[in-house]
Amino acid sequence: MLPKHPSTQLPSANRPPPAPNLNRLLAALPGEDYDRIAQTLELIPLELKKDVHKPGDRIQHVYFPGGGFFSMLTVLEDGGMVEVATVGREGMIGVSAVLDDSPAMALSMVQGETDICFRMTADAYRREMDRHGAFYELLTRFGQALVGFIMQSTACNAMHSVEQRLARWLLMAQDRMGKDEFPLTQEFVAMMLGASRPTVTVVAGTLQKAGLITYHRGRVTIVDREKLESASCECYRTATELLRAVTDPSAASEVPLKARRDRNAR
């Protein structure tokens, strides 16, 4: 059974606080729109490492996580993969399905499992987008924010150190999982950051020796959140605020303002 439309407002803290297991895009819809759309949603679990979209395949369903998160990965000709975005309960997977028969451009893999994800057929998604109502406006804003997120990730991968990028990713994973401990293999970290496994071993070891994290047998625990934020780059805050602004429009003006403050502080 799908939850009823929530009436609470999303808080404006930089780090998304614990929230009910409901996708924030769906939660932001007006009650009438939510009640109609809820009839098209199927509640399913998400299993770790499961692929829901593969590059070139026609998108059959779109996904609104109620917890956990997806990794969106660009797949290279030699089979190598690099993560370009993560999407949790603040967003959805399959936004490009608005175009009929549009193939998936990226591999979408479950990186944080959850018992609650809302799945909608691509046909139902297109019908709702064709209404050009609240759902269309919200998903259009999310699509724009996702492009900004990917652009920020591209700049981050080019300009910032592996240590900064790993710290950023761990912060985002913690936000989406809502807990301090979660599974993470060195193999995936290397793929995610476009780095070698030996490099990942060194960087993870550095964060662990500094008391920011512990890492043992494929599980990572965030020990000192504040220091991990200091070890990260500005991309964590910028990307988080881009996505938060989709359902909290008042946050949109904070992104350029804080960017200016950061530059002036240097």
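Two strands count as paired if DSSP finds at least two bridges between them. Keep that in mind as you tour this predicted model.

**First stop: E9 and E10.** Select strand E10, residues 219-222. Four bridges join E10 to E9, and the two run antiparallel. Now pick His-216. Its bridge partner in E10 is Arg-219.

**Widen to the sheet.** The three strands form an open, antiparallel sheet in the order E8-E10-E9. Its edge strands are E8 (181-183) and E9 (213-216), and each pairs on one side only. Neighbouring strands here are turned by 20° against each other on average, direction ignored.

Select residues 162-177, helix H5. H5 lies across E8, E9 and E10 and runs at about 105° to E8.

**Next sheet.** Move to E1, E7 and E3. This is an open sheet of three strands, ordered E1-E7-E3, with antiparallel pairing. Strands E1 (42-46) and E3 (61-65) are the edges, each pairing on one side only. On average, neighbouring strands of this sheet are turned by 40° against each other, direction ignored.

**Zoom in on E7.** Select residues 114-121. E7 pairs with E3 in the antiparallel sense over five bridges. Find Pro-65: it stands opposite Cys-117 in E7. Then show helix H3, residues 122-129. H3 lies across E3 and E7, at about 65° to E7.

**Last stop: H9.** Select residues 235-247. Why is helix H9 largely enclosed by the rest of the structure? Because 10 of its 13 residues are buried, each with under 20% relative accessible area. Colour the buried residues, among them Cys-235, Tyr-236, Glu-241, Arg-244 and Val-246.

Note on methods: Residues are numbered from 1 along each chain as its sequence is written. This is a predicted model: local features need pLDDT of at least 70, side-chain atom pairs count only at pLDDT 80 or more; totals for chains, interfaces and linings use all residues. Side-chain values use heavy atoms; hydrogens and water are left out. Axes are lines fitted to C-alpha atoms, for helices over the stretch in contact, and angles run from 0 to 180 degrees between N-to-C directions. Contact means heavy atoms within 4.5 Å. Buried means under 20% relative accessible area, exposed over 50%, partly exposed in between (1.4 Å probe, protein chains only).
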